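Reader: I am new to this structure and would like to learn how to read it. Could you take me through some of its features, one after another?

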Amino acid sequence: MIRDYLVQRVEHGAVQSRADVVSALEDVGLDMPRQGKNYVTARDPDSGKRWRLRGALYEHAFHPERLDLPVPGSCGPLSPRPKRRASESASTKAAGPAFRP
């Protein structure tokens, strides 16, 4: 969720640098107790839970043009197929492989 939020902010031009990334996270109520060369640690002040955030988005030398953003209008990632029940699996094996588009 954190990355999705920040990517949205980058797409709208509100995040242009690492300082903007940190500011955006602080705006939603997270603390930034540590910032390394290639990571940021975010902490929820209510629960104390911490997340080490790594990647181009959190690097000290972050630039929006280096971020791999999805192409507008393209399909998103494929979702996994739903698991079949054991009874469906047994009947499919008996009938042979089924065609799936």
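This is a predicted model: local features need pLDDT of at least 70, side-chain atom pairs count only at pLDDT 80 or more; totals for chains, interfaces and linings use all residues.

Reader: Which residues of helix α2 are buried?

Author: In helix α2, which spans residues 18-27, the buried residues are Arg18, Val21, Val22, Ala24 and Leu25. They lie on the same side of α2, because the arc that they cover around the axis is only 160°. On the other side of α2 one finds Ala19 and Asp27, which are exposed.

Reader: What do the buried residues of α2 pack against, and what follows the helix?

Author: The buried residues of α2 pack against α1 (2-11) and also against the strands β1 (31-35), β2 (39-43) and β3 (50-54). After α2 comes Gly29, which has a positive phi, near 100°.

Reader: How many aromatic pairs does a search of the whole structure find?

Author: A pair of aromatic rings is described by the distance of the centres and the angle of the planes. Here the search of the whole structure finds 0 aromatic pairs. Arg52, however, lies over the face of Tyr39, at 3.9 Å from the ring centre.

Reader: Is Thr41 buried or exposed?

Author: Buried means under 20% relative accessible area, and Thr41, with 5%, is therefore buried. Thr41 belongs to strand β2, and its side chain is joined to that of Arg52 by a polar contact of 3.0 Å. Leaving aside neighbours within four places in sequence, the residues in contact with Thr41 include Met32, Pro33, Trp51 and Arg52.

Notes: Residues are numbered from 1 along each chain as its sequence is written. Side-chain values use heavy atoms; hydrogens and water are left out. Buried means under 20% relative accessible area, exposed over 50%, partly exposed in between (1.4 Å probe, protein chains only). Helices (H or I, at least four residues) and strands (E, at least two) are DSSP runs, numbered from the N terminus. The arc is that of the directions from the helix axis to the C-beta atoms. Contact means heavy atoms within 4.5 Å. Rings of Phe, Tyr and Trp (its six-membered ring) pair if their centres lie within 6.5 Å; planes under 30 degrees apart count as stacked, over 60 as edge-to-face and the rest as tilted. A charge sits over a ring if NZ of Lys or CZ of Arg is within 6 Å of the ring centre and within 35 degrees of the ring normal. A polar contact is a pair of N or O atoms within 3.5 Å; within protein, one must be able to donate a hydrogen and the other to accept it, and residues adjacent in sequence count only if both atoms are side-chain atoms.
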